[in-house]
Each structure stands twice: as C-alpha cells, then as structure tokens.
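This report is meant for a reader who is meeting the structure for the first time.

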Amino acid sequence: MKQKNLKFYFLFLFVGFVFSANAQVLLPEVVVPSKRYKYLSSVDNKELGEPIKMLEYNAAAYDVKNSAFYEDDYDEYYISFYLPNGYILATYDKDGKLLRTAERYKNVALPTAVSKSLIQAYPDWSVPKDVYLVSYEEEKGSTKIWKLILTKEDKRIRVKLNERGEFIGK
C-alpha cells in the first residue's frame, strides 16, 4: 500500500512540475545600453506618471544605428517621441549616444515639492494649467521646470518652479 502511495506522490510531483514549467510567461526583453543610464537617472522623477516614464525609457533605449534611416554620413540624428499630452525631441550622435533632449508635457500631476510650495505661497489658488519642461544635456544633466497658471476668483497669475519647489520667476 505504501508503494502505491509513493508512486502516486511522484506522479503528482512530476505532473505539477511539468505544468508549472509551462505556465511561466516570458516578457520581451528590453535592453537599455549602459551609456544611456545617465539620461534615465538624470530625468527620473518617481512621482511622474507611467506614460512619461515609458516615453523617457523609450528614448533611452532607442537604437539609432538599427533604424531604417541610419547612414554613416550624418553626425547627429533627431528623433521625436510622442504622447497625447507631451513629447521628447532627442538628439543622438552617429554612434547612438544620447546627447540631449527637450521634453514638454501638459497638465500632469504636480510633484509633492511643487505642490507644497504652491500651497504655502498661494493658498486657495487653483492650477487649471501646467506645463512640465525638461532639458537634458549629457555634460550638464537635466533641468526641470514647472510653468503654472494659477487662478483665484477672477485673478490669474503665472509662476515657474524648479523640481525642488523653488520659485524661479513669475
């Protein structure tokens, strides 16, 4: 009787192993060259929405050398990446190195530092429009600016803040 139970146990273990091996789902591998991690770490803002993060990731992972229009004759390539509420204009050299970007996004959620600064400086004001601008250069890193329109009753003002929530102009 014990031998039947042992055989059943091994059969059950074998069938479970076979089904679990077939149940694994493999996701496509996306490789970002290490020379572009500088861009991703520079522009990274953990509070941004996933679409913006994915667009930046796509710009970092883009391989200009394998594109249909690549030719050795050109020194730089200008590639655009789009979302419904924003875009990235990226410049790559002929070796595929990401040199600089200009990014613009409309009406995205404000990061905590910007929101706190606004609440302190302009209580009871609302933000009907915002524009998030990012410029990246390989040597300098990134600059992030929030341009906001604030309204309160019939008043309207424009302000600019950096990513740390510091006012840099009105």
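## Overall fold

Read along the sequence, the protein follows the pattern α-α-α-β-β-β-α-β-β-β-β, which amounts to 4 helices and 7 strands. Helices (H or I, at least four residues) and strands (E, at least two) are DSSP runs, numbered from the N terminus. Of the 170 residues of the protein, 32% count as buried; here buried means under 20% relative accessible area, exposed means over 50%, and partly exposed lies in between, with a 1.4 Å probe and protein chains only.

This is a predicted model, in which local features need pLDDT of at least 70 and side-chain atom pairs count only at pLDDT 80 or more, while totals for chains, interfaces and linings use all residues. Residues are numbered from 1 along each chain as its sequence is written, and side-chain values use heavy atoms, with hydrogens and water left out.

## A positive surface patch

R104, K106, K129, K147, R156, R158 and K160 together form a positive surface patch. Patches are made of residues with over 30% relative accessible area and no salt bridge, like charges being joined within 9 Å and nonpolar side chains (Val, Leu, Ile, Met, Phe, Trp, Tyr) within 5 Å. Lys and Arg count as positive and Asp and Glu as negative, whereas His and the chain ends are not counted. At least two residues of the patch come from each of β3 (98–106) and β6 (155–162), and β6 gives the most, with 3 residues.

K129 lies in strand β4 (residues 126–137), and it counts as exposed because its relative accessibility is 52%. K106 is found in strand β3 and is partly exposed, with a relative accessible area of 46%. The C-alpha atoms of K106 and N85 are separated by 5.3 Å, although these residues are 21 residues apart along the chain.

## Two sides of helix α4

In helix α4 (residues 112–121), the buried residues are V114, S117 and L118. Seen down the axis of α4, these buried residues fall within an arc of 100°, so they line one face of the helix; the arc is that of the directions from the helix axis to the C-beta atoms. On the other side of α4, K116, I119 and Q120 are exposed.

## Salt bridges

Side chains of opposite charge can pair when their charged atoms come close. The structure holds 5 salt bridges, a salt bridge being a side-chain nitrogen of Lys or Arg within 4 Å of a carboxyl oxygen of Asp or Glu. One of them joins the side chains of K46 and D44, at 2.9 Å from N to O; K46 is exposed, with a relative accessible area of 68%, while D44 is partly exposed at 33%. Another joins K53 and E50, at 3.8 Å from N to O. Both of these residues lie in helix α3 (residues 50–61), 3 residues apart, about one turn of the helix, and K53 is partly exposed, with a relative accessible area of 25%.

K97 forms a salt bridge with E138, the closest N and O atoms being 2.9 Å apart. This pair links distant parts of the chain, with K97 in the loop between β2 (86–93) and β3 and E138 in the loop between β4 and β5 (141–152), 41 residues apart. K97 counts as partly exposed at 29% relative accessibility, whereas E138 counts as buried at 15%.

Key
Accessible areas come from the Shrake-Rupley method with a 1.4 Å probe; for residues, only the protein chains shown count as cover. The place of a charge is taken as NZ of Lys, CZ of Arg, CG of Asp or CD of Glu.
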